[in-house]
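User: I have a model open on my screen and would like to talk it through with you. Could you walk me around the fold, the core and the surface?

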Amino acid sequence: QTAQNGWEGDDDAQAMIDALQSAANSYWNLGFLDESRDLYEDSLSRLIDMHSDDGTGSTGKQPPDHPQIATTLHWLGSIHARSGNPTEAARWYESALDMK
């Protein structure tokens, strides 16, 4: 493990994130929204850790700009929209749109 992101390498971390998001998408397709949300939130946390300036996830602001982070934020908005929570969905969508 590295002190920077808790994984032996970025390739391993990215492979884990990709696996989490693949499983989350499968749950989405099956209608298991709570499970999908949990996996997307886990992958988001890992993405923020991997792409923050110091590798700890503590940037002191919104998540670092990265296309996969924006996509994950969008998926979380979609889960909340499909769950009938438009206010929470809008919060996630706005976070995704704030990415440069």
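**A walk around the model**

From the N terminus on, the elements of the protein chain run α-α-α-α. This is a predicted model, in which local features need pLDDT of at least 70 and side-chain atom pairs count only at pLDDT 80 or more, while totals for chains, interfaces and linings use all residues. Residues are numbered from 1 along each chain as its sequence is written, and side-chain values use heavy atoms, with hydrogens and water left out.

User: How many helices and how many strands are in the protein chain?

Analyst: Happy to start there. Helices (H or I, at least four residues) and strands (E, at least two) are DSSP runs, numbered from the N terminus. On that basis the protein chain has four helices and zero strands.

User: What percentage of the residues of the protein chain count as buried?

Analyst: Burial is judged by relative accessible area: buried means under 20%, exposed over 50%, and partly exposed in between (1.4 Å probe, protein chains only). The protein chain has 100 residues, and the share that counts as buried is 33%.

User: Which residues does Leu73 touch, not counting residues up to four places away in sequence?

Analyst: Contact means heavy atoms within 4.5 Å. Leu73 is one of the residues with the most contacts inside the largest nonpolar core. Beyond residues up to four places away in sequence, Leu73 touches Leu44, Trp92, Ser95, Ala96 and Met99.

User: What do the buried residues of helix 2 pack against?

Analyst: Helix 2 has 19 residues and reaches 26 Å from its first C-alpha to its last, close to the 27 Å expected at 1.5 Å a residue; the expected span is 1.5 Å times one less than the number of residues. Among its buried residues are Leu33, Leu39, Tyr40, Leu44 and Ile48. The buried residues of helix 2 pack against helix 1, helix 3 and helix 4.

User: Is Ser43 buried or exposed?

Analyst: Ser43 lies in helix 2. Leaving aside neighbours within four places in sequence, Ser43 is in contact with Ile17, Leu20, Gln21 and Thr72. Because its relative accessibility is 0%, Ser43 counts as buried.

User: Which residue forms a salt bridge with Asp42?

Analyst: A salt bridge is a side-chain nitrogen of Lys or Arg within 4 Å of a carboxyl oxygen of Asp or Glu, and the structure holds five of them. Asp42 is partly exposed, with a relative accessible area of 28%. For its salt bridge, the closest N and O atoms are 2.9 Å apart, and the partner is Arg46.

User: Why are Glu88 and Arg91 separated by about one helical turn?

Analyst: Glu88 forms a salt bridge with Arg91, the closest N and O atoms being 2.6 Å apart. An α-helix has 3.6 residues a turn, so residues three or four places apart point the same way. Glu88 and Arg91 are about one helical turn apart because, in helix 4, their separation is three residues.

User: How far apart in space are Leu97 and Thr71, C-alpha to C-alpha?

Analyst: Leu97 is found in helix 4 and is exposed, with a relative accessible area of 69%. Leu97 and Thr71 are 26 residues apart in sequence, and their C-alpha to C-alpha distance is 9.6 Å.

User: Where does Phe32 lie?

Analyst: Phe32 is partly exposed, with a relative accessible area of 41%. As for its position, Phe32 lies in the loop between helix 1 and helix 2.

Conventions: A nonpolar core is a set of buried Ala, Val, Leu, Ile, Met, Phe, Trp, Tyr and Cys residues joined through side-chain atoms within 4.5 Å.
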